[in-house]
Amino acid sequence: MFLKAVVLTLALVAVTGAWAEVNADQVATVVWDYFSQLSNSAKEAVEHLQKSELTQKLNTLFQDKLEEVNTYRTDLQKRLVPFATALHERLTKDSEKLKEEIRKELEELRARLLPHADEVSQKIGDNMRELQQRLGPHAEELRAQVSAQAEQLRRQLSPYAERMQSVLRDNARSLGASLTPYADQLKAQINQNVEELKNRLTPYADELKVKIDQSVEQLRSQLAPYAEDAQEKLNRQLEGLAFQMKKSAEELKAKISANADELRQKLVPLAEDVHGKLRGNPDGLQKSLAELSGHLDRQVEEFRRRVEPYGETFSKALVQQVEELRQKLGPYAGDVEGHLSFLEKDLRDKVSSFFSTLKEESQDKPLALPDQEPALGPLEN
C-alpha cells in the first residue's frame, strides 16, 4: 500500500512538472504557425499538405518536452491532437468569414464615429504620444540595464583569463593540475552569469504589458463617449490592439532570451577550448589564454550592441500599432487585414481554455498507476 502511494505521488509530480514543460501558448504557437504556413502558401501547395503534418509537429513538441512522462504524454496526445486538428480546420474555414465580419463591424463603428472624426483622431493621437512618452524611459532603462549587465558579465569573466595567464607563468611544469580548476570555474561562471543576465532582463517585457493595459484602458475611456451603441465593436478593436501589443512584448522577451542563450553558446566554447588544450595541446595554450580575454570582451560587446536598441524598436512598433488603429477608424480607411489578429487571439483563448479544463480534470480525478497505462505508440497520421 505504501509503495502504491509512493507511485501515485511520483505520478502526480510528473504530471505537475509536465504542465510546466508544455503550456497552452506553446501548443497554440504550433497550431498558429502551421495555419500561417498554409495561409501563406500557394493554393496548389496547400492541397498537398496533409493534417498529419500538424499531428507530427505536436508529436515532436511532446517528445521534446515530455520524454520521461509517457503516461501523461499518451493521455494528452490522445485528447489534444484531435482538438488541435479540428481547431486548425476551423481556422481555415473561419478566416474569410471573420474577415467579412470585421469589415462590417469597422464600417458600422466608423459610421458611428464619423460625426466625431476629428475628435477621435485627436484622442488617439494624444494617446499615441502619451504612450511614446511612457515607453521612452523604459527603452532607456533597457538600454542602461543591458549595458550594465554586459559590463558586469565582462568584469566577472575577465579575471579568470588573467588568473590562468598568471598560473601559466608560475606553474609551467604542472599546467593540468594548476589550470584545470580555473577552466572549469570559467565555464560554470559563464553559464551562471548569463542565466542571471537573462533573468534580470526578461522581466522588462512583463513590465511593459502593464503599461500596455493602462494605455489601452485609457484609450477605451476616451473613445467610449463617441461610440454610442457601438461599445462592443469598439471594445473588440481595442482588444485586438492590446493583443497585438502584448504579442510584441512577448516577442521582445523571446528575443532578449534568445540573444542571451546565443551569448552563452559563444562563450562556453572559449572555456572548453582552454580545457581541451590543457589535455592535448599545451603548446597552443599560451596563445589561447592571451586571446581569451579579448574574445570574452568582444562577444559580450556584440551582445550589448545588438540588444540595447530593442527597447526603442519595440516602442516604435507599439506606436505604429496605435497609428494603424487610428487609420482603421478613420473615414477613409481601406481594406482591413487585421482580422488575423482576432483569429489568433480566438485560437489562443480556445487552447488556453482547453488546457484549463484538462488541469481541472487532472485535479478532480485520481491518477492511474503508470504500469496500468498502455505503452506509448506512434500517432496515427
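Which helices each supply at least two residues of the lining of the largest pocket? I began my notebook with that.

**Ground rules.** I am working with a predicted model, where local features need pLDDT of at least 70, side-chain atom pairs count only at pLDDT 80 or more, and totals for chains, interfaces and linings use all residues. Residues are numbered from 1 along each chain as its sequence is written, and side-chain values use heavy atoms, with hydrogens and water left out.

**Entry 1, the pocket.** My answer is α2 (24–40), α8 (203–223), α9 (231–280) and α12, each giving at least two residues to the lining of the largest pocket. I took helices as DSSP runs (H or I, at least four residues), numbered from the N terminus. A pocket here is an open set of points on a 1 Å grid over the protein atoms alone, with protein on both sides within 12 Å along at least five of seven lines; lining residues have an atom within 4 Å of a point. I noted about 670 Å³ of space in the largest pocket. Its lining has 28 residues, and D25, F243, K247, E250 and R348 are the closest to its centre. By kind, I found eight nonpolar, five polar and 15 charged residues in that lining. Charged means Asp, Glu, Lys and Arg; nonpolar means Ala, Val, Leu, Ile, Met, Phe, Trp, Tyr, Cys and Pro; the others, Gly among them, are polar.

Next I looked for cavities, sets of grid points where a 1.4 Å probe fits but cannot get out. I found one of 30 Å³ or more, and the largest cavity holds about 40 Å³ of space. Both α6 (117–170) and α7 (175–201) supply at least two residues of its lining. Among the lining residues I wrote down Q149, L153, N193 and R200. The lining of the largest cavity divides into two nonpolar, four polar and two charged residues.

How many aromatic pairs did I find? The count is one aromatic pair. The ring centres of F83 and F354 are 4.1 Å apart with planes at 10 degrees, so I call the pair stacked (centres within 6.5 Å, planes under 30 degrees apart). F83 sits in helix α5 (residues 70–113) and F354 in helix α12 (residues 339–364), 271 residues apart, so the pair links distant parts of the chain. I marked F354 as buried at 15% relative accessible area (buried is under 20%).

R236 lies over the face of F342, at 5.5 Å. The rule asks for NZ of Lys or CZ of Arg within 6 Å of the ring centre and within 35 degrees of the ring normal.

Conventions. Phe/Tyr/Trp six-rings, centres within 6.5 Å; stacked < 30°, edge-to-face > 60°. Buried < 20%, exposed > 50% of the residue type's maximum accessible area, 1.4 Å probe, protein only. Points joined across faces, edges and corners; volume = space filled by probe spheres on them.
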